[in-house]
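Student: I have a model open and want to learn how to read its features. Where do we begin?
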Amino acid sequence: MIETWIAAFLTLCVFSFLYRENPFYRFAEHLFVGSAAGYLLAVQWNSVLIPNVWTPLVHGKDLVVLIPLALGLMMLARIWSKGAGIARWSIAFYVGIYSGVAIPGYMQAQIFAQLADAAKPWPAGFAGVNAALVFIGLITVLAYFFFSLPHRGIHGIGARIGIYFLMVAFGASFGYTVMARVSLLISRVQFLLRDWLHILPS
Amino acid sequence: MTWARKVLSIDRRYIFLLVAAGVVLPLLRPLNLPITVTPRVQAAYDAIDALPPGSKVLLSMDYEPDIMAELFPMSVAVLRHCFKKHLQVIAMTLYPAGTGLGQQALHTAAKAEGAVLNKDYAWLGYKSGFQVVMIGIGENLRGMYPVDFYGTPLDSIPVTRGVNSYRQMAMVINLSGSSATDYWIQFAQGRFHAPLVVGCTAVMATDYYPYLSSKQILGLVGGMKGAAEYERLIGILGDARRGMDAQSLVHVIVALLVILGNLALFVSKRAGEDLGGRPAGSMTR
Amino acid sequence: MRRGPLLVTFLSGAAVAALFFIPNYKAQAVNNKLLEWTLVVYAFALILGSMSLWNSHARKLKVRAEGWPFSLVTLVSLVVITVLGIWKGVDEGSPVGRIYNTVNSPLASTMFALLAFVIASAAFRAFRARSVEATLLLITAIVMMIGRVSIGPIISPHLPGITEWLLDVPNLAAKRAIAIGVGLGAVSTALKIILGIERSYLGRS
């Protein structure tokens, strides 16, 4: 199918970058940027502006929707250097909303819930040893990230232990990151070998 | 030139060829290495499997083509599980470029399991705003999504009839490659107490273990490996399972490369050379 | 000129934060309305990004800067897909849906697939056990890379158990501490924004 051949050609254009930068790669890169931006605009129009602005305004006669429409259009004024002042009102509105939403959200889910789980009694046996290690790890890593006091004495010892816990966590993250990147490559090679060259069974 | 210096001076394009071979060869000649299911993926599967038939499930596929390799097979596997269990899926996405992928995943899974649009699943499509959408769904779904992706009012769709918040949903499943998962935990689970199962990229998987421990999430499917485990649990052979042999071989190659690089450094230090090791730098020469 | 916007930030932020705690149905109706408005404003913010992209490439085209033919490719693809998408929709069977499957999806996924090569090369050249901490990181990474894939249990039946323990104990402890730290930072930043102490989001005066 012609579409498969086009997709394969573009895939190979991007892979050509592994040898060195070349006009095929640059073409693919610029096509990607333009098509992604165009798709984003089309989706905003179809999925947000029509159902959440146009339809309530024109068919539902809901004039209140003019407020967010006005705020949105004011946001677009940012594109001109003289329009920055007008755009500030829209930016202020949505930064305010997101800041207000963040306070209870982070407090509940990331602070209180995690502290509550950390404060649970330790079970018996090996699970208790693990729970104790998790608790020690939590305290020592928090000690490491507390930079208002110099890392000396007890605080310094705690911070040093915290670093070891962090290194294990980052090592685990690195191992998983390798897994993630390799998965992305496997998928593209599967496409080339199966969908394009029909070497692999579908 | 010592062997250590030779090893460390090797052209990076030979490393690229080695990685490419590590991916291509196992795909051409599968090794059929066994896939063991990890406890977190089993927990995710069990949570969904425990839902009675007819339960409504919100599935948010918050990813774009850049990470579809990990999350698309996961989406298809989870959807096929939901359809096998006769759960009613209300699907959506918070990423504009995820619209096409969400549709594809639904069509692929629906075709395989005989699920029907509007009767077994609804596709709400994309809405901008992340946290705002999540809170909005909890307060008033129709305020966020007056119609589905195809322009059909939600009251006309059997799957979404009578559903206006998380209270009417048995579970929220979030498949995401970004901070969207953090927000689902904060708002859908934290504020509205919706049971939450998470699928994410391998890069992010290690970050969500604290939430598993605190039971804020019921299960975690991480990366292509997680998707492969899920495919094994539901008894299908998808792209994720097919890619595991290649995944294993490339991991071994990378591990050996790291060990080789460090061995060269160790040998050179003993010989009194200072090879330092060249920084990774950019890919252009 | 910034007092007005700062007041808007304060009112909108304080309102949403306070309404979280007020279950009254009229209060929640106000909350819902504010959220619906934000959804629309956010969409325009994304549109602004595309307009900015247009400006940048149009400028390059106008002055015939280095690489200007590629800028033309960007602009043409942006216009064609936007117009087609608005006219015919973005459904899977539509022209834009087909372009998405043929162009957007392969290009985006291949761009990121390059990272597999980069990470292998970077790991070989830069991942060095120069200190106790780096050695600990390196050993954990190798154990995780081998233990979490299919070949791990074949090399040693203990590897999966070891990787589970690494994730469930030291990784969990560190990530929990990071989550709490991030939460505290996010809350304090949000408060500073609402109270007008942090004003950088408004740009230069």
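Tutor: Start with a helix pair. This is a predicted model. An angle under 35 degrees counts as roughly parallel, so α3(A) and α2(C) are roughly parallel to each other. Their axes come within 8 Å and cross at roughly 25 degrees.

Student: Which residues of α3(A) and α2(C) meet?

Tutor: From α3(A), they include A:I67, A:L71 and A:M75. From α2(C), C:W37, C:F44 and C:L48 are among them. By class, this contact has 15 nonpolar residues, one polar and no charged.

Student: Is B:F130 buried or exposed?

Tutor: Count neighbours. The cut-off for buried is 20 or more other C-beta atoms within 10 Å. B:F130 has 23, so B:F130 is buried.

Student: And B:H193, buried or exposed?

Tutor: B:H193 has 11 C-beta neighbours inside 10 Å and therefore counts as exposed. B:H193 also has a positive phi, about 60 degrees, without being a glycine. Its place is the loop between α8 (180–191) and β5 (196–200) of chain B.

Student: How many residues do chains A and B put into their contact?

Tutor: Chain B gives 47 residues and chain A gives 42. On the chain B side, the largest share, six residues, comes from helix α2 (residues 12–28) of chain B.

Terms used
Residues numbered from 1 in each chain as written. Chains lettered and ligands numbered in written order. Predicted model: local features only at pLDDT ≥ 70, side-chain atom pairs only at ≥ 80, totals over all residues. Contact = placed C-beta atoms within 7 Å. Helix = DSSP H or I, 4+ residues; strand = E, 2+ residues; numbered from the N terminus. Buried ≥ 20, exposed ≤ 12 C-beta atoms within 10 Å, placed from the backbone. Axes fitted to C-alpha atoms, helices over the stretch in contact; angles between N-to-C directions. Parallel < 35°, antiparallel > 145°, perpendicular 65-115°, else oblique. Nonpolar A, V, L, I, M, F, W, Y, C, P; charged D, E, K, R; others polar.
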